[in-house]
Amino acid sequence: MAYESWGMYPKIQSKVIACSTFTQIKDQINASSSLIPYGNGRSYGDSALSENLLPMRRFDRFLNFDEKRALLEVESGVLLSEILESFVPRGYFLKVTPGTKLITVGGAIASDIHGKNHHVEGCFSECVESFELMLPNGEIVTCSKTQNRELFLATCGGMGLTGVILKASIYLKEINSQYIDQITIKSRNLKESFEAFEKYSDYPYSVAWIDCLAKGEDLGRSLLMMGDFSQDGDLDYVAKRGPTIPFNFPSFALNNWSVRAFNFLYYNRVKEKISKQKVGIDSFFYPLDAISHWNRIYGKNGFTQYQFILPKESSYEGLQEILGLIAESGKGSFLAVLKLYGKANENYLSFPIEGYSLALDFKIEPDLFALLDRLDEVVDRLGGRIYLTKDVRVSKEVFERGYPQIEKFRKLRKEQGMQEKFQSLQSRRLGL
Ligand SMILES: Cc1cc2nc3c(=O)[nH]c(=O)nc-3n(C[C@H](O)[C@H](O)[C@H](O)COP(=O)(O)OP(=O)(O)OC[C@H]3O[C@@H](n4cnc5c(N)ncnc54)[C@H](O)[C@@H]3O)c2cc1C
């Protein structure tokens, strides 16, 4: 069966090992030579791809809610969207959420995802009280920051390579409204964009869309969106359902001109330097989820998301160089997202470090990887790293220099027999 990740690249024939009980998972781990858990396939690269896939979506039960502590226990196949549909009307929201709500709790832990509030709340693992992990020998262990700590540090961000996350207890945050008071700042270049991020860093949520094809004086021009939950409004949240892209677009549809036109219109639709809006949860946090299968606009060959992060001291210099290389190449991305990050956590393979990250989508075409290799050189030279959950092609050397704790991860995998049982295309490519 052809299974894909969100980037639709690479394509691989996989055997799907469908289980409906934890005992069946144990039996399958025992019987299979190697496998990888599969959440909702929203990772862009090859971390959830392998010859043997263990789909986790059917483990979707809500188990307990401790109202006093706002602590929710769920099976790992529950989607964030399902949590929102049940809990926003009761006055709760996720402490950390990515730019899509269509991911599983297991996937959120395995990628140790982050959101627009990383500089305030950190990664998803910060709101995880504990989770249950099935090891290669079928044993189920509880992991937290204090219990089986090493397994906790390796599993959060460990891309499914330490075992199968079965259940998790996560803290929610209280909200009074389903609306967000949003401020949009229009910046004319990268310097202004950075100044705006720093000036408004007290806002819990912030993200900037960058026009990555702008050159010269306009290089790095952006729209920075910041916000916080309103104190007034209601909690009558109903998830937005939008149109579907019914088929893969022809690959010529997305080219330098169409992206340039989109970027021009998107940037210029905002007239004022500073403007205020009141927006709903779906518009603020999950604008892309409004269009089902939007990944098809990149055509049948698929696309990749290139996401890197640079330490704060080299972020400005690095972004200028990288945006210059992209604008020169003419390979545009209408999704170019700049974010400010707070301090790194101690997990072995979590992506965030204190600094700035840029994420860009590129359709797969023959000379793309040569450009991305050039961008890697800059990231590597300036002490940055590439995000594993988006990656499909970074070299082992660049990856290793970016993640200095990789040897601890490898040692644990070896000692616990994880290397033989849990493998993905990515783990083999990078020798994880
Ligand atoms: C539109 C869009 C926006 C996004 N925005 C962000 C963002 O802002 N921030 C961010 O950090 N990420 C973002 N992502 C990436 C996404 O949040 C992660 O890739 C997430 O891990 C996907 O979860 P999933 O359930 O789809 O897992 P999958 O894609 O199926 O798997 C991802 C990884 O998790 C592992 N895994 C899944 N379930 C389990 C389990 N039960 N036990 C052990 N391992 C498991 C898999 O083996 C794999 O390594 C975005 C993705 C999209 C499509």
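Which residues form one aromatic cluster? They are Phe93, Tyr205, Phe229, Phe284, Phe285 and Tyr286. This is a predicted model, where local features need pLDDT of at least 70, side-chain atom pairs count only at pLDDT 80 or more, and totals for chains, interfaces and linings use all residues. Residues are numbered from 1 along each chain as its sequence is written, and side-chain values use heavy atoms, with hydrogens and water left out.

**Aromatic rings**
- Rings of Phe, Tyr and Trp (its six-membered ring) pair if their centres lie within 6.5 Å; planes under 30 degrees apart count as stacked, over 60 as edge-to-face and the rest as tilted.
- The count by this rule is 27 aromatic pairs.
- Tyr44 and Phe303 have ring centres 5.6 Å apart and planes at 80°, so this pair is edge-to-face.
- The pair links distant parts of the chain, 259 residues apart: Tyr44 is in the loop between β4 (36-38) and β5 (52-55), and Phe303 is in strand β16.
- Helices (H or I, at least four residues) and strands (E, at least two) are DSSP runs, numbered from the N terminus.
- Tyr44 and Phe303 are both buried.
- Buried means under 20% relative accessible area, exposed over 50%, partly exposed in between (1.4 Å probe, protein chains only).

**Charges over rings**
- A charge sits over a ring if NZ of Lys or CZ of Arg is within 6 Å of the ring centre and within 35 degrees of the ring normal.
- Lys116 lies over the face of Phe284, 5.4 Å from the ring centre.
- Arg385 lies over the face of Tyr403, 4.4 Å from the ring centre.

**Helix α10**
- Among the buried residues of α10 are Leu368, Leu371 and Asp376.
- Glu377 and Arg381, on the other side of α10, are exposed.
- Just after α10, Gly383 takes a positive phi of about 80°.
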